[in-house]
Amino acid sequence: RRAGGAQVCAPGGGYLFRESADVDAFAAAPHRLALRMPMGGTSDAATGAEEDELLFFEVSDDGRRHRGRLVASTTREDESIWPSAKRVESVEWDFSVKVEAGFGARGDGADSSSSSSSSRHKSTAGWLSALPVFEPHYQILMAHGLATGHVTVDGVKTAFANAPAYAEKNWGGAGFPSKWFWTQCNAFPKAPGVSVTATGANRGVVCLPGVREEVAGILIHVPRSVGSSPGEGRNEETTKNDAESSADTDVALYQFLPIRAGGEEPAEVAWSVKPWGSWRVSAKTSTHECEVVCVIDPADARPGSTTVLRAPVDDHRRGMEPTCREHFRGRMTVSLWERSGRGWGSGKRGRAILDKIVSDVAAVEVGGG
């Protein structure tokens with residue numbers, strides 16, 4: 001099934017979806033974060049302009065500029081999923097982003113001339129991202145940014161300055177996971193600049209048809225200005241492996257993945273996720289341990305109080321279906337510790353780098369069957 005689509009989550013659980021069959025109109029730069037998709041339509045009788053010149057979404061300047069204007073598709077929506085009170089008719093946006101942290105590196109303030117590997121952005125799965133083995137692939141593009149501009153929803157304009165921003169992507173042709181969970185937050189009042197992503201999925205293995213695997217990981221970026229002061233239990237090995245942190249970077253990446261990505265030690269990851277309302281993910285390596293817990297207000301557990309999104313399904317011939325549930329006011333609590341001692345599994349919790357930091361504006365999601 002060939003189509004290009006865009007969907008928008010608006011305040012109060014509002015939702016807009018637009019689709020175009022003209023996928024050949026999509027354009028993207030091969031080696032930079034820049035793309036544009038005209039979204040089709042009819043002529044504008046008032047101005048004489050073609051609607052496909054007016055309806056579009058666009059990312060430019062390596063992800064630092066976002067613009068777009070969309071109106072809802074004429075497709076009849078399922079009232080049981082998207083009641084009329086939740087449907088948005090038009091959205092327009094224009095904002096710029098200052099990138100504070102990419103993935104494992106500083107953002108716009110980094111010295112691009114530095115030859116140090118710590119100053120370059122990294123691949124989430126290391127060299128495996130270049131191979132069509134474990135799909136879909138996953139990459140955090142921007143762990144933390146500050147956005148300034150405006151969004152207009154059904155004629156109501158909201159301007160903002162230095163609002164937290166985050167970006168990631170999936171890609172690959174082997175089909176989307178059959179089920180997944182995702183939590184993300186980079187707006188902690190007492191830990192500005194910290195960015196946390198915890199996600200997991202049941203996905204297929206391309207080279208082994210019919211074989212599926214369950215994977216999960218936690219990725220935490222911590223500015224050097226945030227975190228508890230060093231104390232007892234800090235050893236040479238812990239210091240050496242302090243999350244890709246070095247003298248020429250202002251952000252440390254604590255990476256907990258079940259694979260050896262970018263030379264990092266594989267982590268032991270465990271999770272317990274309810275069909276809706278509770279997410280608990282923990283992980284540890286020989287040098288660090290973390291826990292991410294998310295909950296939502298019981299009032300938001302009712303149908304209609306959150307947003308249902310379309311998502312790719314495992315059979316790509318079916319396109320996008322309403323299999324994903326999203327909420328943007330989750331309560332996330334994060335703890336991150338050093339582990340004292342040497343040898344995998346022998347260490348005990350030592351210094352707390354992040355000691356139960358809390359945010360009430362976490363994004364939380366479950367998807368699939």
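Reader: What does R349 lie over, and at what distance from the ring centre?
Author: R349 lies over the face of W337, at 3.8 Å from the ring centre. Keep in mind that this is a predicted model.

Reader: Which residue forms a salt bridge with R349?
Author: E289 does, and the closest N and O atoms are 3.2 Å apart. E289 lies in strand β16 and R349 in strand β19, residues 348-368, so the bridge ties together parts that are 60 residues apart in sequence.

Reader: Is E289 buried or exposed?
Author: E289 counts as buried, at 13% relative accessibility. R349 is partly exposed, with a relative accessible area of 49%.

Reader: Back to β16. Which residue meets E291 in a salt bridge?
Author: R280. The side chains of E291 and R280 meet at 3.2 Å, N to O. E291 lies in strand β16, residues 288-295, and R280 in strand β15, residues 278-284, so this pair ties together parts 11 residues apart in sequence.

Reader: How much relative accessible area does E291 have?
Author: E291 has 26%, which is partly exposed. R280 is partly exposed too, with 42%.

Reader: And β19 again. What does R351 pair with?
Author: R351 forms a salt bridge with E338, at 3.0 Å from N to O. E338 lies in strand β18, residues 320-340, and R351 in strand β19, so the bridge ties together parts 13 residues apart in sequence.

Reader: Buried or exposed, those two?
Author: E338 is buried, and R351 is buried as well.

Reader: R36, then. Which ring does its charged end sit over?
Author: The ring of F56. The charged end of R36 is 4.3 Å from the centre of that ring.

Reader: Switching to ring pairs. How many aromatic pairs are there?
Author: The structure holds four aromatic pairs. One of them is Y15 with W82, with ring centres 5.1 Å apart and planes at 5 degrees, so that pair is stacked.

Reader: Where do Y15 and W82 lie?
Author: Y15 lies in strand β2, residues 14-20. W82 lies in the loop between β6 (65-71) and β7 (90-101), so the pair ties together parts that are 67 residues apart in sequence. Both Y15 and W82 are buried.

Reader: Cysteines next. How many disulfides does a search find?
Author: Zero in the whole structure.

Reader: What about C185?
Author: C185 is in no disulfide either, and the nearest cysteine sulfur, that of C294, is 8.0 Å away. C185 counts as buried, at 1% relative accessibility.

Reader: Now the whole chain. How many helices and strands?
Author: The chain has two helices and 19 strands. Of its 369 residues, 44% count as buried.

Reader: What share of contacts joins residues at least 24 apart?
Author: 59%, among contacts between residues at least 6 apart in sequence.

Notes
Residues numbered from 1 in each chain as written. Predicted model: local features only at pLDDT ≥ 70, side-chain atom pairs only at ≥ 80, totals over all residues. Heavy atoms only, no water. Phe/Tyr/Trp six-rings, centres within 6.5 Å; stacked < 30°, edge-to-face > 60°. Helix = DSSP H or I, 4+ residues; strand = E, 2+ residues; numbered from the N terminus. Buried < 20%, exposed > 50% of the residue type's maximum accessible area, 1.4 Å probe, protein only. Lys NZ or Arg CZ within 6 Å of the ring centre and 35° of its normal. Contact = heavy atoms within 4.5 Å. Salt bridge = Lys/Arg side-chain N within 4 Å of Asp/Glu carboxyl O. Disulfide = S-S within 2.5 Å.
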